[in-house]
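Try each task on your own before you read the solution.

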Amino acid sequence: MRENMILKKGLIGLCCSVLLVVLDQLTKAAAVAHLKDQEPYVIWKGVFELSYLENRGMAFGMFQNKQMVFIVLTVLVMIVLSYVYLMRIPAERRFFWLNLIAILFFAGAIGNLIDRVLQNYVVDFFYFVLIDFPIFNVADIYVTVAAFLFLVLGLFYYKDADYERLSRGGKDAHGNI
């Protein structure tokens with residue numbers, strides 16, 4: 001029975017991740033087609049624009065040209081995320097947000113991994129001019145939203161009993177799933 005739950009949850013997570021990765025890749029393809037070698041497309045003058053960038057680093061452009069390190073780290077993170085998602089987080093309403101967070105992290109990692117493997121850089125294109133925030137993409141949004149939700153829910157929603165349950169692989173105090 002547990003194997004069926006894991007399989008069902010895995011398929012749901014995979015389908016959601018695929019949809020999110022497809023959205024990320026479509027937006028990056030649109031950025032390449034319409035923004036590469038062009039002037040930035042201004043959405044709100046002085047505030048927000050679409051500006052093509054080939055990012056050969058990681059967040060905020062750090063660690064430029066270390067693609068193999070990023071690829072290996074991403075694969076390791078994806079393995080850990082898959083284990084946590086499938087084996088540790090229960091498929092219950094209470095843990096819906098943690099499951100969503102895992103899917104968002106996974107999809108964001110895959111979206112940028114595809115770029116790194118196929119192109120040796122990540123396509124970024126959203127730029128907040130007003131605060132000169134580093135240029136980013138949809139996969140980065142997934143990771144940022146997931147991190148924010150994880151922080152907020154960890155501080156205000158989940159309790160010690162939830163963390164204890166997660167440490168037992170989703171089993172309650174009596175060993176039941």
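## Exercise 1: Strands side by side

Strand E1 (residues 41-44) and E2 pair in the antiparallel sense, with 3 bridges between them. Before we go on, note that this is a predicted model, where local features need pLDDT of at least 70 and side-chain atom pairs count only at pLDDT 80 or more, while totals for chains, interfaces and linings use all residues. Residues are numbered from 1 along each chain as its sequence is written, and side-chain values use heavy atoms, with hydrogens and water left out.

**Task.** Work out which residue in E2 is the bridge partner of Tyr41, and over how many bridges E2 and E3 pair.

**Solution.** 
1. Two strands pair if DSSP finds at least two bridges between them. Strands (E, at least two residues) and helices (H or I, at least four) are DSSP runs, numbered from the N terminus.
2. Tyr41 has Leu50 in E2 as its bridge partner.
3. E1 and E2 make a hairpin with 3 residues between them, and Gly46 in the turn has a positive phi of about 80 degrees.
4. E2 also pairs with E3, in the antiparallel sense over 6 bridges. Here Glu49 stands opposite Tyr127 in E3.
5. As for cover, 6 of the 8 residues of E2 are buried (buried is under 20% relative accessible area, exposed over 50%, partly exposed in between, with a 1.4 Å probe and protein chains only).

## Exercise 2: Inside the core

**Solution.** 
1. A nonpolar core is a set of buried Ala, Val, Leu, Ile, Met, Phe, Trp, Tyr and Cys residues joined through side-chain atoms within 4.5 Å.
2. The largest one has 34 residues, and Leu98, Phe125 and Phe126 have the most contacts inside it.
3. Elements giving two or more residues to this core are helix H1 (2-35), strand E2 (48-55), H2, helix H3 (96-119), strand E3 (122-128) and helix H4 (138-156).
4. Leaving aside residues up to four places away in sequence, Leu98 touches Ile89, Phe150, Tyr158 and Leu166 (contact means heavy atoms within 4.5 Å).

## Exercise 3: A charged trio

**Task.** Is Lys28 buried or exposed, and which side chains does it meet in salt bridges?

**Solution.** 
1. Lys28 is in helix H1 and counts as buried, at 2% relative accessibility.
2. A salt bridge is a side-chain nitrogen of Lys or Arg within 4 Å of a carboxyl oxygen of Asp or Glu. The whole structure has 6 of them.
3. One joins Lys28 to Asp24 (2.9 Å, N to O). They are 4 residues apart in helix H1, so about one helical turn separates them. Asp24 is buried too, with a relative accessible area of 0%.
4. Another joins Lys28 to Asp115 (3.1 Å, N to O). Lys28 lies in helix H1 and Asp115 in helix H3, so this pair ties together parts that are 87 residues apart in sequence. Asp115 is buried, like Lys28.
5. Glu54 and Lys36 meet in a salt bridge as well (3.5 Å, N to O). Glu54 lies in strand E2 and Lys36 in the loop between H1 and E1, so the pair ties together parts that are 18 residues apart in sequence.
6. Putting shared partners together, Asp24, Lys28 and Asp115 join into one network.
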